[in-house]
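This report describes a modelled assembly for a reader who works with coordinates and cut-offs. The sequence and structure are shown first.

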There are 2 protein chains.
Amino acid sequence: MHTSPQLPSCGHLEVACSSSCLRELCLPEGFSATELETLDGLVSTRRKLRRGDALFRRNDPFTSIYAIRAGSFKTCVTSEGGRDHVTGFLMSGDLMGFDGIGHERHGCDAIALEDSMLCVIPYARLEEMSQDFLELQRQVHRVMSREIVREHGNMMLLTGLRAEERLAAFLWNLAQRLGARGFSSSSLILRMTRQDIGTYLGLKLETISRAFTKLCDDGILEVHRRNVSILEPATLQRIAVGTAP
Amino acid sequence: MHTSPQLPSCGHLEVACSSSCLRELCLPEGFSATELETLDGLVSTRRKLRRGDALFRRNDPFTSIYAIRAGSFKTCVTSEGGRDHVTGFLMSGDLMGFDGIGHERHGCDAIALEDSMLCVIPYARLEEMSQDFLELQRQVHRVMSREIVREHGNMMLLTGLRAEERLAAFLWNLAQRLGARGFSSSSLILRMTRQDIGTYLGLKLETISRAFTKLCDDGILEVHRRNVSILEPATLQRIAVGTAP
DNA sequence: CGAGGTGTTGAGATTTGTCAACCTACGTGG
DNA sequence: CCACGTAGGTTGACAAATCTCAACACCTCG
C-alpha cells in the first residue's frame, strides 16, 4: 500500500510467490518444503493493473481468487440509485474474490487504487489442491472465516460508533494492517478519496473532512491531504473503540 | 421461525437429517444417494435450547457448526461499552458458527430467540469428509462465500439507507427468507425485540418504533406488537431498496 | 394483583446531511 | 515552462434525521 515494499517473510520460507502474494495462505507453522513448492503451482499468472483499472466487475463470471502482490484496491457496489458504496479496502498480501464463489459471479467491482500487481489463483486449481492438502483446505476455511469476522467488526463499527469514532477506527485499522506488513503504522498515505472513505463508513465526504479536522485540532493527527501522521496512537485507539471521554 | 413447520424438502431427497437441518448443505443437483447417506454421518448429536439459552458465547472454543432444525437465533457481540450489538438473525435451515473457524474461538454469542432444536456438525468431521467429497467441499465454500456476500449487503443497508428504509429492508428480507422455507411471507411473527432490531440496524429502539408506526400509517404494514402483516409488499420492497418517492 | 419487561409517543438536544462557496494540487496542452 | 481546467478537499450556514430523556400504556408471568 506504500513505498518501500519490504514485505515480512512468511515464516522462514522464501519460495518466490509463497512468501509474498500468498502471505495469507501461509500459516504460522506452515507447510513442509515440498508442499510449499507444490503450492506455487496455485498461481497461474501475474497481472498488472494501473490506477483506476477494474480487476473484475460485479456479475463478471467468477474464475479466480487474487492475491495482491503490491498496490491496493477497493471493492465497491453501485446500488440501484447509482450511488457507489465501498465495501472494503485491500492491500498487499490480502486475498480478494471469495465473494464470487457462492454464485459463480463476482458480487462487487474491484478497482485498483494505485498501480498494482497481483497473482491469479484459478479457483478450480485451489479446489483440487485443497482435496490433496488438508492443511490448504483448512487455511482456505480460515481465511474465509476471518473475512466473515472482519465484516462483523465492520458492522459493529457502523451501528455503534459516531462519525469521529468511525474515522478513528478506520485509521487505526489501516495503521495496524500496514504495521503488520512491515510499513510504518504511524505515518500513512491514504490511497482513497474522502468520498470513498465516506461511503465505506456510511458518512458523507464533508463529515469525513470535518472529522479529520477535529482529530487534527485535538492534536491526535497531522493531516496534509492524503498524508496522515498519527501523533497519539493511544488516544486514537481509545476513540476508535467508542470509549473516549 | 414460526408455527406450522412444513419445511420444503431438499430436492427429491428425504433422508432424515439431510432434508431438514442440512438444507443449506444440499445443493440443487445434489449428491448421489449413497453420498447423501454418508452425509448424515456429519451430524453427531441434536441439541435443544430454550428461549434465552446461549448455544455458544464469544471466545468459547470452536468445535462445531450448527444447523438450525427448528426455532431461531440471534448472534450478538457485547462491545467494550457494554452495549449489545446484534450481528445476525438465523432461522430454521440456516448454518451457524463459521465465524469460529478462523481463530478457533467463536466471535460472538448465539442466543435462542425461542425454544429451538439444532443438529451439531463437528467441524473436524466436516473437514475430513470434505476431503473425500469434492462436492461437499464446494458446498461449504459456497455457504461461506454467500455469508460474505450477505454481509456486504448488510453493510450497504447500513451505509446507504435511512431508518424507515432499513426497517423495510429488514422486514422484506425476513419475509423472503420465511417464504423460501414454506412459511407465509406476508404475515410474520417477530421473535426479537425492537431493541434487537435496533442494534442490528444501527438505530435506537425508539426510532424503530417510530418507523413501524410510519409504515403502518402509510398503510404498508399492520403491526400489533410482534405480529406483522405486510399489506403492500411491492411498496415495502420499493422503500427497502431506497428508491421510493 | 403487582412487577417488570416491552413498546409507544412527545419535546427538545445532537449529530449528520445538504448546498454552496472557495481553496489547492495536479495534470494537460499550448 | 506556464496557464488553466478539473478533481479533490475544506469550511460555513442551515435543514433534516436521529438520539435522548421522560412519561406512559400494555402484556405476561409469577
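**Basis.** This is a predicted model, in which local features need pLDDT of at least 70, side-chain atom pairs count only at pLDDT 80 or more, and totals for chains, interfaces and linings use all residues. Residues are numbered from 1 along each chain as its sequence is written, while chains are lettered from A and ligands numbered from 1 in the order in which they are written.

**Chain A.** Chain A contains eight helices and eleven strands; helices (H or I, at least four residues) and strands (E, at least two) are DSSP runs, numbered from the N terminus. Of its 245 residues, 45% are buried, where buried requires 20 or more other C-beta atoms, placed from the backbone, within 10 Å of the residue's own. Among contacts in chain A with a separation of 6 or more, 67% join residues 24 or more positions apart; a contact requires C-beta atoms, placed from the backbone, within 7 Å.

**Domains.** Chain A is divided into domain 1 (16-156) and domain 2 (162-240), with bounds from an automatic or database domain assignment. Eleven residues of domain 1 of chain A are in contact with seven residues of domain 2 of chain A. On the domain 1 side, strand E4 (72-78) and E5 of chain A each give two or more residues, and the largest share, five residues, comes from E5(A).

**Contact between chains.** Chain A and chain B each bring 40 residues to their contact. On the side of chain A, strand E5 (84-91), helix H3 (123-132) and helix H4 (134-160) each give two or more residues. H4(A) gives the most, with 19 residues.

**Core.** The largest nonpolar core has 128 residues, and those with the most contacts inside it are Tyr66(A), Phe73(A), Phe73(B) and Leu171(B). Such a core is a set of buried Ala, Val, Leu, Ile, Met, Phe, Trp, Tyr and Cys residues joined through C-beta atoms within 7 Å. Not counting residues up to four places away in sequence, Tyr66(A) touches several residues, including Leu55(A), Met96(A) and Ile121(A).

**Strands.** Seven of the eight residues of E5(A) are buried, so this strand is largely enclosed by the rest of the structure. In chain B, five of the seven residues of strand E4 (residues 72-78) are buried, so E4(B) is also largely enclosed by the rest of the structure. The table lists strand pairs, for which DSSP must find at least two bridges.

| Strand pair | Sense | Bridges |
|---|---|---|
| E4(A) and E5(A) | antiparallel | seven bridges |
| E4(B) and E5(B) | antiparallel | seven bridges |
| E4(B) and E7(B) | antiparallel | four bridges |

Thr78(A) has Asp84(A) in E5(A) as its bridge partner. Within chain B, Cys76(B) stands opposite Val86(B) in E5(B), and Phe73(B) is bridged to Ala112(B) in E7(B).

**DNA surface.** Around DNA strand C there are 18 residues, of which Arg162(A), Ala163(A), Thr207(A), Thr193(B) and Ser209(B) come nearest; a residue is near if its C-beta atom, placed from the backbone, lies within 6 Å of the strand. Helix H7 (205-217) of chain A, helix H6 (194-201) of chain B and helix H7 (205-217) of chain B each supply at least two residues of this surface. H7(B) provides the largest share, six residues.

Terms used
Two residues are in contact if their C-beta atoms, placed from the backbone, lie within 7 Å. A residue is buried if 20 or more other C-beta atoms lie within 10 Å of its own, exposed if 12 or fewer, and partly exposed in between; C-beta atoms are placed from the backbone.
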